Protein chains: 2
Amino acid sequence: MNYQKSVLPICQIIGYKNAGKTTLMEQLIGYFTSRQWKVGAIKHHGHGGEPDYQPGTDSQRHYEAGATISGVQGESQLQLTLRDDGSLENVLDFYRLLDLDMLFMEGYKKEDYPKIVILKDEKDVELLNLSNVIAVGLWNNEMRAFTKYPTFSMHKIEQSLSQLATVITTHLDFKC
Amino acid sequence: MNYQKSVLPICQIIGYKNAGKTTLMEQLIGYFTSRQWKVGAIKHHGHGGEPDYQPGTDSQRHYEAGATISGVQGESQLQLTLRDDGSLENVLDFYRLLDLDMLFMEGYKKEDYPKIVILKDEKDVELLNLSNVIAVGLWNNEMRAFTKYPTFSMHKIEQSLSQLATVITTHLDFKC
């Protein structure tokens with residue numbers, strides 16, 4: 001069965017553990033969502049293995065019995081567990097089926113999508129060698145010297161959101 | 001963006017609390033899955049409100065920040081939380097996007113899809129008035145007298161799976 005998938009503009013948020021990725025994701029998602037964008041989010045489970053779930057729930061039992069997809073519908077949210085081959089492309093294929101305006105991807109630093117990189121310490125500077133960096137978040141303003149990319153302060157994300165949004169929308173591929 | 005959705009044959013599993021719906025779902029899902037069918041499963045969260053989730057996890061924070069869909073990718077499973085308008089049709093539209101061979105639906109008794117009804121006590125007999133009943137699971141064999149639909153014993157589901165599968169595939173709409 002063929003279907004046309006939508007083009008899905010993707011922005012990655014990169015940083016080492018506790019750099020503030022999730023906080024930045026929250027702020028950016030909130031910014032675009034409040035402007036009526038339909039935003040998706042994806043992250044990789046940090047510790048290997050499977051994301052936490054509630055073992056023994058009915059939907060887990062359905063999944064463990066072999067269901068390709070198992071879901072529970074609540075009042076305003078649907079929770080799904082899908083068998084996955086572990087490839088990001090498989091996940092993106094799925095997200096592309098939905099009518100999203102953009103996707104924020106926390107992590108997956110080996111991918112090639114436009115990236116906002118967060119530097120916490122000097123040792124994080126190697127992250128600037130990643131492909132397609134479009135902006136850099138800094139906890140220490142002195143580290144501005146390390147990069148020619150546009151920078152913003154991780155202490156003042158909210159004040160930078162508007163400019164960050166401009167950088168993002170400039171770099172992402174928004175073909176209709 | 002238009003896309004052709006696949007036809008999704010649906011079988012409902014109906015019964016009151018503790019009637020054995022999830023056990024029957026597990027057995028049927030396992031039966032079809034072991035024969036290489038791609039099977040989906042859906043149930044309604046029983047107590048109102050939202051299904052249990054892990055509050056405070058990164059992906060929940062993404063969701064609470066406004067993401068339409070928030071996901072965590074593990075080694076072999078993808079867990080997603082989607083905003084939902086609470087209608088079953090919205091959920092089914094989503095499942096229809098996937099390449100499934102059939103969907104088992106636990107509950108949703110007001111819907112009109114083919115149903116396997118489980119009777120635990122005599123008071124459950126009113127469930128036989130639902131539309132589109134195709135088979136009846138019984139805990140008490142004497143209750144066979146209450147119905148002219150094909151019956152099977154809930155004590156011996158495994159032995160009945162093959163005939164149940166025939167009943168299901170006969171009644172479901174498997175247009176290609």
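**A strand and its neighbours**

Modeller: In this predicted model, S3(B) pairs with strand S4 (residues 77–83) of chain B in the antiparallel sense, over five bridges. Three residues make up the hairpin that joins S3(B) to S4(B). Within this pairing, Gly71(B) has Leu80(B) of S4(B) as its bridge partner.

S3(B) also pairs across the chain boundary. Strand S2 (residues 39–44) of chain A is joined to S3(B) by five bridges, and these two strands run parallel. Here His44(A) stands opposite Gln73(B) of S3(B).

Burial is the next point. The strand covers residues 69–73 of chain B, and five of its five residues are buried, so S3(B) is largely enclosed by the rest of the structure. Buried here means under 20% relative accessible area. Both faces of the strand are covered. On one side Ile69(B), Gly71(B) and Gln73(B) are buried, and on the other Ser70(B) and Val72(B) are buried. Gly71(B), the bridge partner of Leu80(B), and Gln73(B), opposite His44(A), therefore belong to one side of an enclosed strand.

Chain A has 176 residues, of which 52% count as buried. It exposes about 8,400 Å², with carbon and sulfur atoms supplying 46% of that area. Of the chain A contacts between residues at least 6 apart in sequence, 55% join residues at least 24 apart.

Notes: Residues numbered from 1 in each chain as written. Chains lettered and ligands numbered in written order. Predicted model: local features only at pLDDT ≥ 70, side-chain atom pairs only at ≥ 80, totals over all residues. Heavy atoms only, no water. Buried < 20%, exposed > 50% of the residue type's maximum accessible area, 1.4 Å probe, protein only. Contact = heavy atoms within 4.5 Å. Areas by Shrake-Rupley, 256 points an atom, 1.4 Å probe, with all protein chains shown as cover. Helix = DSSP H or I, 4+ residues; strand = E, 2+ residues; numbered from the N terminus. Pairing = 2+ DSSP bridges.
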